[in-house]
Amino acid sequence: MTSYRSTELMTLAMSAARDVAPMLLEAFRTDVDITTKADMHDLVTEYDSAAERQIARLLLDAHPESAIVGEEGGRTGESALTWYVDPIDGTANFARGIAFWCVSIGATVDGERVAGAVYDPVADLMFHADGSGAFLNGRPLHARGFTAPSRSTMLAHFPMPADLEADEQFAMTEYANLVRAYSAVRNKGSGALSLAHVAAGWGDVTLNFGTNSWDVAAGSFILEQAGGTYVGYSDGSRVQGRDVFLAPHYLGLVRDADTTLLEPIMRKGSVIRDEHTRRREAVR
């Protein structure tokens with residue numbers, strides 16, 4: 001049985017993320033070809049697939065036994081060591097020249113997150129974590145910020161088009177409540193980078209309904225290793241423990257953040273979104 005060291009896996013994730021950065025930066029703010037996947041809100045470019053293939057090659061060169069779960073290529077292989085890869089988290093930003101996107105690579109061993117890297121190539125910010133803690137460009141990272149909503153900045157992936165489709169009244173009512181309660185509410189367009197910013201204390205709260213494992217495997221681990229809190233939600237219940245990054249909805253917070261307003265929103269919103277997903281799947 002192969003033994004894995006979290007620091008080595010973190011270093012490999014960092015190296016793979018940096019390796020694709022020159023290609024992505026060369027394409028950024030040029031006339032890239034934009035297509036759609038599920039709908040007009042779900043953009044993709046040729047660079048998403050190209051970057052994922054390049055990352056996969058580097059990871060497999062180092063650990064040929066690895067399994068990879070990627071946004072573009074899906075799952076390949078089965079292994080104790082699994083990489084979760086989002087080659088461009090924030091593709092819509094990348095495609096339109098908005099400088100808030102990242103490369104996200106997380107590693108699990110036997111289903112437990114052990115390493116992660118979230119790299120912002122435009123700002124040259126490498127957020128990374130292993131079993132010893134979380135770091136930003138090699139310096140320790142601490143998720144300290146404002147805990148009271150009236151002083152806090154929320155980096156919200158809400159409401160998104162799917163939230164409006166599921167229950168527009170709930171989404172808009174709760175969004176209004178958040179805007180009234182929080183000092184600032186911003187939708188930045190990259191879940192992984194928003195989690196990393198909360199880990200750095202540059203935001204205090206982030207939330208999202210309808211995420212995927214490759215979006216959050218790295219960012220959730222970095223946030224937790226920085227001392228923050230990451231909570232998953234599914235069908236109205238909290239999901240915690242090793243499978244938390246597999247939950248379809250999440251809340252990320254700085255240490256000791258007040259969740260009085262957020263908890264009922266996350267519980268009800270997760271029920272609404274999961275019921276909506278089941279209805280859509282039933283008619284396919």
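**Reading a two-domain model**

Guide: The centres of domain 1 and domain 2 lie 21 Å apart, taken over C-alpha atoms. Domain bounds come from an automatic or database domain assignment. This is a predicted model: local features need pLDDT of at least 70, side-chain atom pairs count only at pLDDT 80 or more, and totals for chains, interfaces and linings use all residues. Residues are numbered from 1 along each chain as its sequence is written, and side-chain values use heavy atoms, with hydrogens and water left out.

Visitor: How many residues does each domain give to the contact?

Guide: Contact means heavy atoms within 4.5 Å. Domain 1 gives 38 residues and domain 2 gives 29 residues. Domain 1 spans 6–140 and domain 2 spans 149–282.

Visitor: What area do the two domains bury between them?

Guide: Buried area is the accessible area (1.4 Å probe) that two parts lose on being put together, summed over both. Here that is about 2,500 Å², with 67% of it on carbon and sulfur atoms. In domain 1, Phe-100, Arg-113 and Phe-127 lose the most area to domain 2; together they make up 33% of what that side buries.

Visitor: Which residue forms a salt bridge with Arg-113?

Guide: A salt bridge is a side-chain nitrogen of Lys or Arg within 4 Å of a carboxyl oxygen of Asp or Glu. Arg-113 pairs with Glu-224, the closest N and O atoms being 2.9 Å apart. The count between the domains is one salt bridge.

Visitor: Which element gives the largest share of the side of domain 1 that touches domain 2?

Guide: Helices (H or I, at least four residues) and strands (E, at least two) are DSSP runs, numbered from the N terminus. Strand β7 gives the largest share, eight residues. β7 covers 112–120.

Visitor: How many aromatic pairs does the structure hold?

Guide: Rings of Phe, Tyr and Trp (its six-membered ring) pair if their centres lie within 6.5 Å; planes under 30 degrees apart count as stacked, over 60 as edge-to-face and the rest as tilted. The structure holds eight aromatic pairs. Take Phe-28 and Phe-94: their ring centres are 6.0 Å apart and their planes at 20°, so the pair is stacked. Phe-28 lies in the loop between α1 and β1 and Phe-94 in helix α3, so the pair ties together parts that are 66 residues apart in sequence.

Visitor: What is the phi of Asp-124?

Guide: Asp-124 has a positive phi of about 55°, although it is not a glycine. Asp-124 lies in the loop between β7 and β8.
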